Structure formats: C-alpha cells, structure tokens
Amino acid sequence: MKIVLAIKQVPERDAQVHIAADAKGIDERELQWALNESDAYALEEALQLKEKHGGEVVVVSAGPERVGSTIREALAKGADRGIHIEADDLGQRDALGVAQLLAAAIKSESPDLTLTGLQSDDLGYGQTGVILAELLGLPHASLILHVEKTEQGLTVKRELEEGWFQTIELPLPAALTIQSGGNKLRYATLMGIKKAKTKEVRRVTAQELGATSERVVTLERISIPQKQRSTQILSGSPKEAAAALAEKLKFEARVL
Amino acid sequence: MSGIWVALEERNGKIGRISWEAVAAGLKLGAQLGLPVSAVLPGAQTEALAAEAATKGVAKVVRMEHALLGAYTADAFTIAFQQFIAAEKPDYLIFPHSYQVRDYAPALAARLGQVLIGDVTAIGDGPVFLRQLMQGRLSGEYRHAGGGTCFVSVQSGAFRADQTQAGAAATVETFSPTIDAAQIRTKPGEPFRGSAQTVDLGSAQFIVSVGRGIKEAENLPVVQELAAALGAELAASRPICDNGWLPIERQVGSSGQTVAPKLYLAVGISGAIQHLVGMKGSQCVVAINKDADAPIFEVADYGIVGDLFEVVPALTEAIKAAKQ
C-alpha cells in the first residue's frame, strides 16, 4: 500500500508565542518548532500499515526552509521519502489555498491512502484532510483512531462525541484524518536518524505546482482573547497561595 | 441570495443544544445585518423535529428529506447541501461545530470554492468571525472576502441556546435532493460505546482534573491525594487518557464527558478548547499551572501560577485544615 501523509510543522507546545507587529500572524523569531501532534499519530498509523502490508510511506509538507527538519524527523522515524513544497507565503493562503498546494503534490503520487492529522495545534482549522479528499475526489473519513486493511478496502474506527465510536468501511483509494491517541508513538532510533540523511527529499515550489493563493477567507487580526471570568491569582509561596485558595473556596466561593 | 440559513443536526432522534446555539448565532447575525434567518434540517424523517424548529424564532424551516440522509455519510450530506445551496443561494450558512459537521462541511465549502470559518466563538461588526488560535492562547478575526455563500460553524457553548425566543410557528417546507445510492462511497456502521461507563463525572459535585503538567503516570498520587481530601472524583484531559494513565471514562472534553460540578480544580491543564467545552459550565473553576498565559486561566475564578508538585501537596494540607 502506498501512503502519502501530509504533515505540518507547528510551534512547540510550550513555546511562548507573541503576536507579530502587523497583528496578522505570530512572531516567528526565536520560536522552536515541532511536528504537529495528530500528524505524529498519522505517521505512526502509516508506518504500522506499511509494516503489516508493505508498500511505501511518503511525507509531504509545505512551508519555508525550516520545514525540512520536520520532514527529516518523519524520515528518521521510518518514512521512505519526503516532498517539501517550498512556500514562504502560507500565511497568505486560507485552508483551501494550502490544501490546493498539498493536493497538487499528492496527485502525481497516486497513493492508495492519503493521511493527515485531525487538526493543527497552531491554526486548528481541522479541515485540510477533508478538503484534500474533496480536491482529490476521494472517499474520506475523519477523526480516525484505528485503520484496518481488508479485501475490499479499509475498515476504520471513527471517534464520535461523548465516548461513542463508529466503524466505517471505505474503498481504496481513500483519505483519512487521524485523531491523537490511537497508537503509541515511536521514537526515532539512532540508526533511523542516520538513514534519514540519505533518504530522498524532493523540493518543489508552489509556482511549479500551479496553485494560486487567492483567498476567500482572510485572517484580519490576531489578539489576546478576552477573559471570560475575572480570575483572582493567588500569589506568595506555594504554601501561602494554597492557604489563601482554601480560604477563598471556603468563605468566598463557599464550595468547601 | 436568501439571507442566513442554519443547518440543524439530528442526533438520536433529537435536535441537540448545539444546533439551537447555531440558531442563536444565526439570529444574532440576522439582527446585525438585517437579513432573514431560516433553518434547514437534513434527515430521513424530519416532520416532528421540523415542527419544533419552527418555534425557535426563524422565518422558515426546510426539511431536506431523503431516505439516504437517515444514516449520516459525508457523500450524501455534501450532495444534498450542494443542491440546497444551488436552489436557495444563502448569504450565510451556519452550522454547529459538531464532529459530523467537521466531517463534511469543509468538503462542501471546497466543492463550491469556499472555505468554512470553523469553530467560531463570537461574531463582531463587519461581520468578522472570531475563532481561537494556538490552542486558545490567541484569538483571530476572520472575514469572508469573496462572493457566494459564507460558511460558518459555531463552537459548542459559545452562543446561548436559551436566547432563541419562542415565536409564532414558522412555515415548514420540504426540499427533496436527488441522491443516488451509488454516489455514497463509504459504509457507516452503528455507533457504539467504547467501554462500559462506570464513572459518572456528570453528576460529581467536586472534580480534580489533571493534565499534561503531571508529566508521568508515577506522579498521579499527588492529585489523587488532593481528590481524596476534597472528596472529589478524579478526571483528566485527553493526553492523560491517550497515554493510558487514566481510563478514558475519566476524560473531560469534547470527546469525553461534559461536567458541571460545584468545584472544578484543573491541575497542569493548559485549557485547549476541546477540554474547555467539557467543563466551562462548572460553578467554580480553579486552575493550577506553571504557565501564567495558559488559556485555562481565562475561565478560572481562582488561579495559582506555580509548580504543581509544590502547590498541590500544600493545597491538600490546606483543604484538610479548612474542612476540620
């Protein structure tokens, strides 16, 4: 089975993010970057499918130069090769614009299975995989925790709300978005990291892919969210703060 | 163009709260723009539910009915809505941001060259649509720039369902899309529960909830002792259950349980929106986190910024003392 996996590089989970001067993005200086969490689970699912059924795992990612390190990380964990869509203008594209870039790169690969993580930890649109399915003309299922290959195609376990699940059958080729938590993630081995250096990463520009960046939805302004409640922060040493909190809970909130 | 339309969602034979919240969002936008607000209800047997929807202050309800819309598939819903949009040409189509909508609305929008503005928390003048970025640390204002229908989905709990004033019953019409069974490529199974539910967090009065900040399963006794001192149930955010440190039935959030205790004490939880939707109805929220900018503090009544491994044991002692 040939699997193409679209992955995204996002700011590291605990990174301090600051709003850029134009208030239309975040300040990228001094940021540390990482592989998006649900994409890591999608990669794990892809690698396990390959181990069971053979085939190839190709990772594709769009973004500036720095994205190369995340592609190498996926290669070190076991992906076979990478495609880097060189684009410095992702901030100028909406969800459809980015998906068009990815779709153009994936199309020429004609994979059996197209995977993405459920949603990105930065913009959080949660749409790229579903839009990709539409652009590539593929049947899809989202929020998938488990994938099984069958004679006819795939049987997948989909997460529903409030602790419910559902099984869905799809023919191949298909597209899936993978939810976090379905598998245990692997670490890259030393050997894997060494091997990754020799694996192929093809670079292609947005221009070569012929995807335009005309937007139908624009991000006008980024700001710090307004507080929904007025929070009393209790300060002092841990002991002092804890005592003050217990006091507040007992006499002010009256919940003790 | 025919104003604002709200797509209602049937689940287990009912229209849920999240759909009425989408109606509230539609009515707010309608008042802002001076546009009529109508509702569309896809399904296989929608007569009774449409009659209920007709009393929610909308101008019109359309039953989008077809046998193939009974069990949800992305293909059938996308095809049906595409035909509905071609017929009605909505200015705005507003959805509840449910798992089902997340599965088809982005594809539907893309098919029409549009982009869904998803998970919206507020609507401002313009209109601009607010949604969260960076796991709730930042907020972004989005605008629909092109022509055609603007697609929006609204976050659970962001608009007040009880603000849909009951009015005179609106007219109910039927729209019959053309769907061929051969167009449906996926085969959905019946929903099932993951595991027997033995913990009912929904009725708990006190909850101590733990997140990534706990670092390792071996550290859980720190919060277990606090929960014991409070007589609280122990709950967790998703990563803790994903790691298998606590069973999934103790998970609070969109994919777990929704809780509304007297006291919700969040320990080492940053407060991603998927968690907040499950607990923001709590009467009193306390947050303990080392990151002063964590979004959990935005919904907390009381907060302590500090190392949970120092603060929580101190709090356990203070609670014991206060309860004596």
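## Leu5 of chain A and the cores

Let's start with Leu5(A). Setting aside residues within four places of it in sequence, its contacts are Ala42(A), Leu43(A), Ala46(A), Val57(A), Val59(A) and Leu115(A). Keep in mind that this is a predicted model.

What is the size of the largest nonpolar core? It has 129 residues, and Leu5(A), Leu102(A) and Ile94(B) are the ones with the most contacts inside it. Helix H3 of chain A, residues 95-107, is the top contributor to this core and puts in nine residues. There's also a second, separate core, this one of 56 residues, and among its members are Leu245(A), Ile296(B), Val299(B) and Ala318(B).

## Chain A in outline

Chain A has seven helices and 13 strands. Picture a box of roughly 65 × 40 × 40 Å along the principal axes, and you have the space its C-alpha atoms fill. Of its 256 residues, 47% are buried. If you take the contacts between residues at least 6 apart in sequence, 70% of them link residues at least 24 apart.

## Chain B in outline

Over in chain B, you'll find eight helices and 18 strands. The radius of gyration is 22 Å, close to the 20 Å from the globule rule for 324 residues, so chain B is as compact as a globular protein of that length. Its C-alpha atoms take up a box of roughly 65 × 45 × 35 Å along the principal axes.

Buried residues account for 56% of the 324 in chain B. As for contacts with a separation of 6 or more, 65% come from residues 24 or more positions apart.

## A covered strand in chain B

Now zoom in on strand E4 of chain B, residues 37-43. Is this strand mostly covered or mostly open? Mostly covered: seven of its seven residues are buried. In a regular strand, side chains alternate between the two faces of the sheet. In E4(B), Val37(B), Ala39(B), Leu41(B) and Gly43(B) point one way, while Ser38(B), Val40(B) and Pro42(B) point the other way, and all are buried.

Which strands pair with E4(B)? One is E1(B), residues 4-7, which runs parallel to E4(B) and is joined to it by four bridges. Here Val6(B) has Ala39(B) as its bridge partner. Another is E5(B), residues 60-65, also parallel, with six bridges to E4(B). Ala39(B) turns up again in this pairing, standing opposite Val61(B). To get from E4(B) to E5(B), the chain goes through helix H2(B), residues 47-53, in a right-handed β-α-β crossover.

## A buried glutamine in a loop

Last stop: Gln114(B), which sits in the loop between helix H4 (99-111) and strand E7 (117-124) of chain B. Is Gln114(B) buried or exposed? Since 24 other C-beta atoms lie within 10 Å, Gln114(B) counts as buried, the cut-off being 20 or more.

Who are its contacts? Leaving out residues up to four places away in sequence, Gln114(B) touches Val216(A), Ala109(B), Gly148(B), Thr149(B) and Phe151(B). Gln114(B) and Ala145(B) are 31 residues apart in sequence, and their C-alpha atoms are 9.9 Å apart in space.

Notes:
Residues numbered from 1 in each chain as written. Chains lettered and ligands numbered in written order. Predicted model: local features only at pLDDT ≥ 70, side-chain atom pairs only at ≥ 80, totals over all residues. Helix = DSSP H or I, 4+ residues; strand = E, 2+ residues; numbered from the N terminus. Rg over C-alpha atoms; globule rule 2.2 N^0.38 Å. Buried ≥ 20, exposed ≤ 12 C-beta atoms within 10 Å, placed from the backbone. Contact = placed C-beta atoms within 7 Å. Pairing = 2+ DSSP bridges. Right-handed = clockwise from strand over helix to strand, strands pointing away. Core = buried A, V, L, I, M, F, W, Y, C linked by C-beta atoms within 7 Å.
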